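Hi everyone, thanks for coming. Let me put the model up, and then we can walk through it together.

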Amino acid sequence: MDDGKEREREKEVEEKKVLFICTHNSARSQMAEGLLREMYGDRYQAYSAGVEATAVHPRAVSVMKEIGIDISGQRSKAASELEDIVFDVAVTVCDRAKQACPICTSEVDLPSSLPKARKVVHRSFDDPAAVKGSEEEELRAFRRAREEIRGWIVEAFGGRSQGP
């Protein structure tokens, strides 16, 4: 077998798949996906989805770009688009997604039209898109959410324990 293909296959086996879920897959889950990919992409494959898909929020793109992470190529996805993937960890990043969470944790071998995860973790972050005000006030809310998510990702995924 080609050495390059073999290394790629080994890398896929080593990397854990992580799915971040929020209501609309527009801000928090998108930022979490970009942060995990950038910070720990050698250990994790990051994905995001929503209970329902909308669009990636322009302020999320903007505040991520401020720290050198480009999420402008990411798109909002409904969780059903990831039905063929079994995730190692799914993280609901808002209370509404937790209540409507489309993840099946224990029945990963049963057919389903929704993604499955071996473990589901809930870590709620305030919705920055709910803040209405001046452009600067709104950006501050997105920056605050970004930094809270980044801190939690370092805490949860940064150690050698391989995730929450």
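Let's start with a crossing: α3 and α5 cross in a right-handed way, meaning that the near helix is turned clockwise from the far one by less than a right angle. Helices here are DSSP runs of H or I with at least four residues, strands are E runs of at least two, and both are numbered from the N terminus.

Before going on, a word on the source: this is a predicted model, where local features need pLDDT of at least 70 and side-chain atom pairs count only at pLDDT 80 or more, while totals for chains, interfaces and linings use all residues. Residues are numbered from 1 along each chain as its sequence is written, and side-chain values use heavy atoms, with hydrogens and water left out.

Back to our pair. Helix α3 covers residues 58-66 and helix α5 residues 135-157; they pack at about 65°, with axes 9 Å apart. The axes are lines fitted to C-alpha atoms over the stretch in contact, and angles run from 0 to 180 degrees between N-to-C directions. Who makes the contact (heavy atoms within 4.5 Å)? From α3 the residues include Ala60, Val63 and Met64, and from α5 they include Leu139, Phe142 and Arg146.

Next, Met31. Leaving out residues up to four places away in sequence, Met31 touches residues including Ala60, Val63 and Met64, as well as Phe142 and Arg146.

Met31 also belongs to the largest nonpolar core, which has 32 residues; Met31, Phe20, Leu36, Val91, Trp152, Ile153 and Phe157 touch the most other members. Such a core is a set of buried Ala, Val, Leu, Ile, Met, Phe, Trp, Tyr and Cys residues joined through side-chain atoms within 4.5 Å. Which element gives the most to this core? That is α5, with eight residues.

Now look at Leu36, in helix α2 (residues 28-40). Is Leu36 buried or exposed? Its relative accessible area is 0%, so Leu36 is buried (under 20%; exposed is over 50%, partly exposed in between, with a 1.4 Å probe and protein chains only). Leu36 and Phe157 sit 121 residues apart in sequence, yet their C-alpha atoms are 8.2 Å apart.

Last stop: Gln74, in the loop between α3 and β3 (86-87). Gln74 counts as buried because its relative accessibility is 14%. Its side chain makes a polar contact with the side chain of Gln30, at 2.5 Å. That term means a pair of N or O atoms within 3.5 Å; within protein, one must be able to donate a hydrogen and the other to accept it, and residues adjacent in sequence count only if both atoms are side-chain atoms.

Conventions: Contact = heavy atoms within 4.5 Å.
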